[in-house]
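Visitor: I would like to go through this model term by term. Please set each value against its definition before you conclude anything.

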Amino acid sequence: MNTRSAAGIECVRNYHQRTKHHLDRYADGPGFLDWDQQPDPFRRFEGSPLYPLPLTIDQLPDPALGELERQPPYKLLHSWGLTEISSLLRHNLGLSAWKVYGPDRWALRCNPSSGNLHPTEGYLIVRGLPMLKSGVYHYAPHEHALELRAAFKTDSESLNTATAEILLGLSSIPWREAWKYGERALRYVHLDLGHAIGASDYAAATLGFRFEPLETNSKMLATLMGLDRDQDFIHAESERPDLLLRLTSDNTADSPTPLTGWLAQAEGADWYGQANRLSQHPRHQWPIIDEVCDAIARNEGEPEKGHGDDDFPPMTTTADTSARQLILKRRSAQAFYDNRSLPKQDFVHLLDSLLPRQDDVPWRAWPYRAQIHLVLFVHHVDEITSGLYLLLRRSDVLEPLKREMNKSFSFEKPEGIPQHLSLYRLITADSQQAARVISCHQDIAADSFFSLGMLAAFDHTLETQGAIGYPRLYWEAGLIGQALYIHAESLGVRGTGIGCFFDDLVHELLGLSTTRFQSLYHFTVGEPKDDTRLQTLPPYSHLSRS
Ligand SMILES: Cc1cc2nc3c(=O)[nH]c(=O)nc-3n(C[C@H](O)[C@H](O)[C@H](O)COP(=O)(O)O)c2cc1C
């Protein structure tokens with residue numbers, strides 16, 4: 001390991017340690033909400049030409065969630081126009097509803113975000129589309145429109161749609177989260193990014209396509225998304241490039257443009273627009289967030305390819321509800337009915353949907369060795385004794401985890417669970433109180449069917465990938481969260497991501513005394529209680545176009 005890598009790893013380790021919440025002390029944050037500084041949830045580029053996307057997409061295929069896996073039997077798209085682009089972005093980063101409470105009104109989106117603060121931005125990089133000039137576009141969710149950031153000069157555009165190519169760049173504005181959450185915010189930024197990767201693949205799947213990540217580095221990403229153009233961000237808060245995804249399908253025949261080709265286009269392009277300022281005179285800057293972002297940007301080790309050696313049988317999903325409808329109605333529950341129970345088969349389905357099958361949505365968008373496993377607090381599931389359970393997403397980590405965990409854990413396989421699910425009961429107990437306390441005393445972790453913590457192979461990932469391994473673990477956790485949200489919705493129940501938890505209390509409970517495994521994200525699933533005080537409005541009623 002070189003000195004630069006070692007320094008980067010040290011930086012993220014230090015960040016992780018100091019942003020842990022403890023029972024008697026929360027990570028450093030503003031301590032109050034400075035409403036005058038509340039960031040604008042919508043980034044815009046003033047001066048960029050705006051291309052509104054159509055809102056009517058009824059003519060597109062509308063597969064059920066259960067149809068999305070593997071070889072979709074529904075009609076595949078063979079050409080891309082504005083309607084297809086519209087559907088892709090709308091079901092990924094687009095608005096899903098407005099909520100109204102008294103004088104307050106806020107937008108929800110298809111991709112969830114901690115505190116609904118939405119640090120994730122999306123850039124479409126296209127060539128060869130019949131109705132869109134080749135170039136780089138920023139997606140503006142409020143307008144459901146594309147803002148032209150860069151027009152490629154040597155536009156080899158042809159009307160031959162078979163040569164169309166679409167990349168999606170994802171970036172983050174950490175200040176949006178830091179405004180509310182202070183130093184811990186960067187963890188949430190990357191969990192949100194993971195959710196956005198998942199949301200992207202679900203949206204692509206409804207069109208018969210999939211997303212795959214491209215091997216890049218932060219310099220290339222910044223060039224392609226125009227985030228290295230300081231002159232366009234003079235008044236704006238820092239925006240960091242994260243990841244580039246390529247839209248592809250099993251039927252994609254042409255050899256794709258190499259990254260060097262895209263970079264040459266971006267470097268020679270005409271660029272437009274000035275990024276808007278989100279907050280006036282932000283008071284807290286949280287310099288550690290910039291330090292960690294810089295360390296991550298300097299470390300570029302690739303993750304290990306392939307999810308693992310398990311050979312899972314195909315997922316037996318029968319969900320016949322339209323995937324697009326499920327995407328649009330996905331919400332976080334605010335509260336659950338206590339004492340309602342989940343049928344065992346639904347529990348099994350939810351766990352099964354989280355196994356990293358290489359061809360399934362959304363795992364194909366993250367085709368790397370699975371590093372995250374689940375610790376479940378099972379409260380109310382039919383035929384499953386309440387207690388603490390472990391679900392391995394790669395069966396070969398059983399022994400390493402056993403060595404690390406509390407020696408009194410029983411590691412029993414519960415009866416009547418499909419053989420391929422590596423599910424183990426650790427202790428039989430009423431786990432509601434423990435789940436509530438661990439999750440910053442939030443009732444949603446206790447009143448649910450079950451809640452869970454996502455245990456990551458922390459040391460190993462940092463040692464093999466460098467500092468960049470840190471956000472990647474959060475991305476994988478966010479993907480798991482997104483799959484849980486969507487599959488819970490398909491069963492008529494609901495999930496909620498939990499970013500607030502007492503880190504080392506979880507580790508103590510599990511007997512983990514090193515950082516080999518660390519819990520990075522929690523989640524809960526139950527029967528939601530609706531808040532009848534809130535009014536819901538359609539997502540694009542504020543736009544007067546079809
Ligand atoms: C990374 C992450 C962490 C979250 N943490 C919490 C939490 O600790 N408690 C909570 O009640 N909701 C939590 N949420 C739910 C968000 O508040 C919710 O996603 C957001 O308000 C947007 O609402 P929606 O999911 O219905 O679109 C979290 C969501 C995400 C994505």
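Visitor: Which residue stands opposite Trp 98 in S4?

Guide: Trp 98 stands opposite Ala 107 in S4. This is a predicted model, in which local features need pLDDT of at least 70 and side-chain atom pairs count only at pLDDT 80 or more, while totals for chains, interfaces and linings use all residues. Residues are numbered from 1 along each chain as its sequence is written.

Visitor: How do you know that S3 and S4 pair?

Guide: Two strands pair if DSSP finds at least two bridges between them, and strand S3 (residues 95–101) and strand S4 (residues 104–109) are joined by 6 bridges in the antiparallel sense. Names such as these follow DSSP runs numbered from the N terminus, with at least four residues (H or I) for a helix and at least two (E) for a strand. The hairpin of S3 and S4 has 2 residues between the strands, and in this hairpin Gly 102 takes a positive phi near 55°.

Visitor: Which strands are the edges of the open sheet of 6 strands?

Guide: That sheet runs S15-S14-S13-S16-S18-S17, with antiparallel pairing. Its edge strands are S15 (422–428) and S17 (494–498), each of which pairs on one side only. Here the twist averages 25° from one strand to the next. S17 is joined to strand S18 (residues 517–526) by 5 bridges, the two running antiparallel, and the bridge partner of Gly 495 in S18 is Val 525. Helix H12 (residues 458–465) lies across S18 and strand S16 (450–457), running at about 40° to S16.

Visitor: At what angle do the axes of H3 and H4 cross?

Guide: The axes of helix H3 (residues 174–181) and helix H4 (residues 185–205) come within 8 Å and cross at roughly 135°. That angle makes H3 oblique to H4. Angles under 35 degrees count as roughly parallel, over 145 as roughly antiparallel, 65 to 115 as roughly perpendicular and the rest as oblique. Axes are lines fitted to C-alpha atoms, for helices over the stretch in contact, with angles taken from 0 to 180 degrees between N-to-C directions.

Visitor: Which residues of H3 and H4 meet?

Guide: Pro 174, Glu 177, Ala 178 and Tyr 181 in H3 meet Ala 185, Leu 186, Tyr 188 and Val 189 in H4, where contact requires C-beta atoms, placed from the backbone, to lie within 7 Å. By class this contact has 7 nonpolar, no polar and 1 charged residues. Ala, Val, Leu, Ile, Met, Phe, Trp, Tyr, Cys and Pro count as nonpolar, Asp, Glu, Lys and Arg as charged, and the others, Gly among them, as polar.

Visitor: How far apart are the axes of H4 and H13?

Guide: H4 and helix H13 (residues 469–490) have their axes 6 Å apart and pack at an angle of about 50°. H4 is therefore oblique to H13. The residues of their contact divide into 12 nonpolar, 7 polar and 3 charged.

Visitor: How many residues surround the ligand?

Guide: There are 19 residues around the ligand, the closest being Pro 112, Ser 114, Ser 332, Gly 497 and Gly 499; a residue counts as near if its C-beta atom, placed from the backbone, lies within 6 Å. H4 and S17 are the elements that give two or more residues to this shell, and the largest share, 4 residues, comes from H4. By class, the shell divides into 7 nonpolar, 10 polar and 2 charged residues.

How values were computed
Two residues are in contact if their C-beta atoms, placed from the backbone, lie within 7 Å.
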